[in-house]
Amino acid sequence: MTDRRDELAANLARVEERIAAACAAAGRAREEVTLIVVTKTYPASDVRILSGLGVRHVAENRDQDAAPKAAECTDLPLSWHFVGQLQTNKVRSVVGYADVVQSVDRARLVTALSKEAVRAGREIGCLVQVAFDAGASGRGERGGVAPEGVGELAGLIAGSPGLRLDGLMTVAPLTGEYAGRQQAVFERLMDLSTDLRRAHPAANMVSAGMSADLEQAVAAGATHVRVGTAVLGVRPRLG
Ligand SMILES: *Cc1c(COP(=O)(O)O)cnc(C)c1O
């Protein structure tokens, strides 16, 4: 356990250095960027260690794993972000522990989140997940709505009881015209954020960048980076 703490502390310090360097390079204050550690596939004991090391935001992508983990960690001062593709039959569970759902990508999900948030007496922050690889279906390979659909979905969230529109999220596409062009993806997300904030000034969260591309995200203007591997290590299984 102590070894694991040392390992996580060292990894966290390296990630912190990278974020600080990226902020400096972009002429941004370090406080403008919030680190969210993606703890998916790793145990609650790691979440506990990270909390002890000062981490305040964690993210998960599967309700089956996240729900018991969050239940083991209710004593910790953590914000839980849900970042995975979310089925409506999991919404009740997710609303039980998530403070922010970053992967809102369709109207049906907004309706379900609103209903369960009201029922639970909670306010859930929502980010519209934008897919830059969305094809004719208007949906991305890893979830997300096409850029053209952002405004309508944002309006729906903003008008839904129990929900708070916080901003936008994206995962850089692995395929299509934007594959390997993270900087371009993140800059387009920032343009969409500028548009969004005209109608919804408080919706200023921009969640972009992971272990491999957090520098490009910070350069583009991201307010939140979601880092898994670089803090916890290579995941034991795909997740
Ligand atoms: C897993 C995951 C991350 C973190 O990815 P790493 O490459 O491990 O840093 C970020 N965002 C989402 C949506 C994820 O599913």
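Analyst: A residue counts as buried under 20% relative accessible area, as exposed over 50%, and as partly exposed in between. The model shown here is predicted. Arg139 has 30% relative accessibility, so Arg139 counts as partly exposed.

User: Which residue does Arg139 meet in a salt bridge?

Analyst: A salt bridge requires a side-chain nitrogen of Lys or Arg within 4 Å of a carboxyl oxygen of Asp or Glu. The side chain of Arg139 meets that of Asp105 at 3.2 Å, N to O. Arg139 sits in the loop between strand E5 and helix H6, and Asp105 in the loop between strand E4 and H5, 34 residues apart. Asp105 is buried, its relative accessible area being 4%.

User: How many salt bridges does the structure hold, and which residues are linked with Arg4 in a network?

Analyst: There are 15 salt bridges in the structure. Glu7 and Asp46 are linked with Arg4 in a network of salt bridges. Within it, the side chains of Asp46 and Arg4 meet at 2.7 Å, N to O. Asp46 belongs to helix H2 and Arg4 to helix H1, so this pair ties together parts 42 residues apart in sequence. Both Asp46 and Arg4 are buried.

User: Is Glu116, the partner of Arg92 in a salt bridge, buried or exposed?

Analyst: Glu116 is buried, with a relative accessible area of 9%, whereas Arg92 counts as partly exposed at 45% relative accessibility. Their side chains meet at 2.9 Å, N to O.

Methods
Residues numbered from 1 in each chain as written. Predicted model: local features only at pLDDT ≥ 70, side-chain atom pairs only at ≥ 80, totals over all residues. Heavy atoms only, no water. Helix = DSSP H or I, 4+ residues; strand = E, 2+ residues; numbered from the N terminus. Buried < 20%, exposed > 50% of the residue type's maximum accessible area, 1.4 Å probe, protein only.
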